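This report goes through one chain, from the surroundings of a single residue to the overall layout. Please have the model open while reading.

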Amino acid sequence: MAEDSKPGSAQPERKVDRRAFFARLGLSSLGLAAAGTLSFSYQYMSPNVLYEPSPIVNAGSPEKYAMNSVTEDQVTGIYLIHLQEGFFSLSAICTHLGCMTAWRQDLGIIACPCHGSRFTRYGKKIAGPAPKPLPWYRTWLSDGGDIMVDRATVIPPMQFLRI
Ligand code: FES
């Protein structure tokens, strides 16, 4: 005769424990599967959007820029230039392979350190492999009196902001 048939023995209690263990294991597995499904569903339903900084740059007050100055902003990749004709903004990114150019005060030109392209302060190419001039960006005065530059809008050259 088997021991588990005896009344008061510990064996039937162990069977219940095993049953409960497998029941909990099954429920836990279902819970994990449900959590994984919810997680992947959330990722699938979320928009796959790349958030980029605004192309609009607030260059500040016109008084910051002396007459006949070329001000380079490495962070935003623009030049803010103030000449007799007015203010304008150029891209500081070389049109050859995208290196950051630099204003050479001693030579009075914008130079690219990568392959030697050179540009006038109006962005016109004067030497090197760059295929195009530096683009002019739309530049305007905000209601608050600051110079604004839209890096996403290229305009034809020689359109000055006169203040
Ligand atoms: S990236 Fe400027 S000359 Fe090549």
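## Terms and model

A residue is called buried if 20 or more other C-beta atoms lie within 10 Å of its own, exposed if 12 or fewer do, and partly exposed in between, with C-beta atoms placed from the backbone. This is a predicted model, in which local features need pLDDT of at least 70, side-chain atom pairs count only at pLDDT 80 or more, and totals for chains, interfaces and linings use all residues. Residues are numbered from 1 along each chain as its sequence is written.

## Cys 99

Cys 99 counts as partly exposed because it has 16 C-beta neighbours inside 10 Å. It sits in the loop between strand E4 (86-91) and strand E5 (102-104). Strands (E, at least two residues) and helices (H or I, at least four) are DSSP runs, numbered from the N terminus.

Leaving out residues up to four places away in sequence, Cys 99 touches Cys 94, Cys 112, Pro 113 and Cys 114. Contact here means that the C-beta atoms of two residues, placed from the backbone, lie within 7 Å. From C-alpha to C-alpha, Cys 99 and Cys 112 are 6.9 Å apart in space, and they are 13 residues apart in sequence.

## Nonpolar core

A nonpolar core is a set of buried Ala, Val, Leu, Ile, Met, Phe, Trp, Tyr and Cys residues joined through C-beta atoms within 7 Å. The largest one has 17 residues, and Ile 78, Tyr 79, Leu 80, Ile 81, Leu 90 and Val 149 have the most contacts inside it. At least two residues of this core come from each of strand E1 (56-60), strand E3 (78-83), E4, strand E9 (136-141) and strand E10 (147-155). E3 gives the largest share, four residues.

Ile 78 has contacts, beyond four places in sequence, that include Val 57, Leu 90, Tyr 137 and Val 149.

## Overall layout

An automatic or database domain assignment sets the domain bounds: domain 1 covers 3-45 and domain 2 covers 56-155. Their C-alpha centres lie 68 Å apart. Of the 163 residues, 18% count as buried.
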